[in-house]
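Please read the points below with the sequence and the model at hand.

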Amino acid sequence: MHYQTEAWGAYMAPRTAGTDPLERVERLAAENAVVIFSISSCCMCHAVKRLFCGMGVNPTVYELDEDPRGKEMEKALVRLLGSSQAVPAVFIGGKLIGPMDRVMASHINGSLVPLLKEAGALWL
Amino acid sequence: MASNNNTRRISEVGLSDSEPSTQHLVYGVLHGISPPSSNFIDQHGSTAYDFGELEEALIPKVLQNDGDRKPLLGIHPPPTLEIFPSWPVRYQPTPRAHSHQSGESTTDSGSAQNTGSQLEPESPVSSSQKSQPNRRSSDPSLHQKQERSDMAPAPSDSTAHHHNQSKTLVDKRGASSSTERVGSKTLDAKTLRRLAQNREAAKKSRLRKKAYVQQLESSKIKLTQLEQDLQRARAQGLFIAGAGGGSNVSSGAAIFDMEHARWIEENQRHMAELRAGLNAHLPDTDLRLILDGCLGHYDEIFRLKGIAAKADVFHVFSGLWLTPAERCFLWMGGFKPSELLKILVPQLEPLTEQQFIGICNLQQSSQQAEEALSQGLEALHQSLADTVVGGGSLGDPPNHHVTNYMAHMAIALARLANLESFVRQADNLRQQTLHQLRRILTVRQAVRCFLAIGEYYSRLRALSSLWASRPRE
């Protein structure tokens with residue numbers, strides 16, 4: 001896989017202890033150009049990861065089922081997204097893009113690539 | 001209202017939620033139990049009552065009436081028994097020795113008990129006429145309203161002493177009864193048993209009513225669904241004999257097939273309108289309107305597909321609603337956007353350079369999205385296969401590892417359910433592609449584009465018909 005699965009290395013630092021899950025989500029989202037919150041067994045999450053890799057982007061992926069505080073973060077994402085599906089949740093340049101359908105819609109209408117370039121995830 | 005309340009309290013123990021709140025309240029008062037009254041409280045936002053003293057006052061009434069009282073529909077029901085206003089209550093006037101007594105305590109005593117003579121057969125609660133002349137109503141709903149309105153002001157007395165409460169209730173009723181009678185506070189075993197019996201009976205009655213109401217509601221829903229199905233079927237000149245709830249899945253597919261057929265007809269109409277508009281050299285503003293209608297019609301089929309996918313994902317995913325020639329090109333429950341674009345581009349020329357770049361980008365992004373979805377689906381295949389195999393070695397007989405097998409089947413079911421989200425994303429992709437196409441092109445180009453799409457699928461359907469009727473050797 002081309003995306004970073006070692007993202008947890010940064011997370012393991014003690015400074016993350018005790019933060020509100022939503023805050024944590026947003027902080028993690030801001031740390032990299034493209035951040036995807038995912039669940040390792042979710043096939044749609046796999047699809048969104050493949051989408052970015054196919055475009056030559058290197059997303060930072062957080063697998064919530066492999067995080068001890070993943071459940072809370074899942075709930076926070078559900079509230080943030082306003083849907084029952086917490087994952088996949090895509091952030092670009094720290095900003096929430098949304099679930100899969102929003103990502104695809106923005107790719108089709110041509111707004112995804114400029115966002116990626118702006119965030120420094122794509123160079124052309 | 002007081003006497004009505006009392007009456008109800010005694011007789012309508014544990015009433016269902018659909019009953020006027022007073023009944024809950026009554027029950028709660030009588031038994032010093034808050035749950036029923038809390039229902040009422042929830043419904044009406046009133047504060048809790050302190051009915052302890054009220055209950056004590058009710059005891060004598062209970063004792064009086066217990067002998068006659070049958071839990072629900074007694075043949076010889078005391079006036080207090082009006083659990084369900086809608087249920088016919090045969091009331092026989094029974095003047096009671098205590099009626100006068102209870103008449104005094106207008107609020108708390110089961111006025112109905114006392115004023116049996118004035119009770120009307122169908123009226124749920126005919127409280128003592130003495131105390132609540134206005135209570136009498138042969139109309140159950142009206143009666144309920146009365147009760148409710150009576151109860152409504154009551155909350156203000158939440159902390160009121162029993163006395164005060166009675167008085168208030170009496171005042172509200174405009175009853176003439178003066179003093180309330182505070183009965184003896186003895187709670188002997190017999191009373192307790194009777195109270196318990198009352199409680200039991202009322203609870204049963206409440207549960208029965210709940211079940212009945214639920215049955216009615218589900219039947220109503222079924223009925224409206226059947227009517228809708230029938231309407232659709234008639235519109236298509238078919239008749240679908242809908243089975244019960246069990247055949248919901250297959251009827252979802254059948255309904256979608258019908259809706260799709262109707263959609264195609266409607267689409268032909270849109271196409272004809274577009275063509276006529278183009279030939280008539282209508283101004284762009286007019287053409288744009290027709291075009292928007294056409295695009296909106298495409299949105300409609302995606303919406304219908306979404307509903308159908310929820311009802312029967314395999315029907316949609318496997319393209320069973322398409323003709324064979326269309327199904328040839330099936331990708332995730334429909335057409336493949338990049339393929340369609342490839343067909344369309346030559347039809348759209350001449351394009352400006354910007355438009356051409358836009359179309360190329362659209363082609364590329366749709367291809368990337370399709371690829372991503374396909375890979376996601378592949379992952380689904382893999383995990384599904386793994387789960388099914390994981391249920392036990394394929395070499396063993398099926399019942400060899402039963403528990404393991406069933407557990408894995410359950411997981412496999414969950415994985416299968418993900419198919420619906422893939423179909424949804426694929427339809428989303430199709431819809432977005434059509435809209436983006438509309439944005440890139442000028443009005444006239446877009447008209448020609450959508451005409452081309454319509455013509456293409458029309459020919460595929462014609463091909464399917466020809467195929468079906470081809471001579472076999």
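1. The structure is a predicted model. The values discussed below are therefore to be read as computed from a prediction.

2. The sheet of chain A. Four strands of chain A form an open sheet in the order E2-E1-E3-E4, and their pairing is mixed. Its edges are strand E2 (60-63) and strand E4 (95-98) of chain A, each of which pairs on one side only. On average, neighbouring strands of this sheet are turned by 25 degrees against each other, direction ignored. In general, the strands of a sheet pair through backbone hydrogen bonds, either parallel or antiparallel.

3. The pairing of E1 and E3. Strand E1 (residues 34-38) and strand E3 (residues 89-92) of chain A run antiparallel and are joined by four bridges. Within this pair, A:Phe37 stands opposite A:Ala89 in E3(A), and A:Ile36 is placed opposite A:Val90 in E3(A).

4. The hairpin of E3 and E4. E3(A) also runs antiparallel to E4(A), with three bridges joining them. A:Ile92 stands opposite A:Lys95 in E4(A). The two strands E3(A) and E4(A) make a hairpin with two residues between them. In the turn, A:Gly93 has a positive phi of about 60 degrees.

5. The side chains of E3. Which residues point one way from E3(A), and which the other way? A:Ala89 and A:Phe91 point one way, whereas A:Val90 and A:Ile92 point the other way. All of these residues are buried.

6. Helices on the sheet. Helix H2 (residues 21-31) of chain A lies across E1, E2 and E3 of chain A and runs at about 140 degrees to E1(A). Helix H5 (residues 100-108) of chain A also packs on the sheet, where it touches E3 and E4 of chain A. The direction of helix H5 of chain A makes about 95 degrees with that of E4(A).

7. The make-up of chain B. Chain B has 18 helices and zero strands. Of its 473 residues, 48% are buried. Considering contacts in chain B between residues at least 6 apart in sequence, 70% join residues at least 24 apart. The accessible surface of chain B is about 22700 Å², with 57% belonging to carbon and sulfur atoms.

8. Cysteines. How many disulfides does the structure hold over all chains? The number is zero. B:Cys294 is thus in no disulfide, and the nearest cysteine sulfur, that of B:Cys449, is 9.6 Å away. Is B:Cys294 buried or exposed? B:Cys294 is buried, with a relative accessible area of 0%. B:Cys360, by contrast, counts as partly exposed at 33% relative accessibility.

9. The interface. Between the two chains, 16 residues of chain A are in contact with 22 residues of chain B. About 1600 Å² is buried between chain A and chain B, and carbon and sulfur atoms give 68% of this area. Which residues of chain A lose the most area to chain B? They are A:Cys43, A:Met104 and A:Ile108, which together account for 40% of what that side buries.

Methods. Residues are numbered from 1 along each chain as its sequence is written. Chains are lettered from A and ligands numbered from 1 in the order in which they are written. This is a predicted model: local features need pLDDT of at least 70, side-chain atom pairs count only at pLDDT 80 or more; totals for chains, interfaces and linings use all residues. Side-chain values use heavy atoms; hydrogens and water are left out. Buried means under 20% relative accessible area, exposed over 50%, partly exposed in between (1.4 Å probe, protein chains only). Contact means heavy atoms within 4.5 Å. Accessible areas come from the Shrake-Rupley method with a 1.4 Å probe; for residues, only the protein chains shown count as cover. Two strands pair if DSSP finds at least two bridges between them. Axes are lines fitted to C-alpha atoms, for helices over the stretch in contact, and angles run from 0 to 180 degrees between N-to-C directions. A disulfide is a pair of cysteine sulfur atoms within 2.5 Å. Buried area is the accessible area (1.4 Å probe) that two parts lose on being put together, summed over both.
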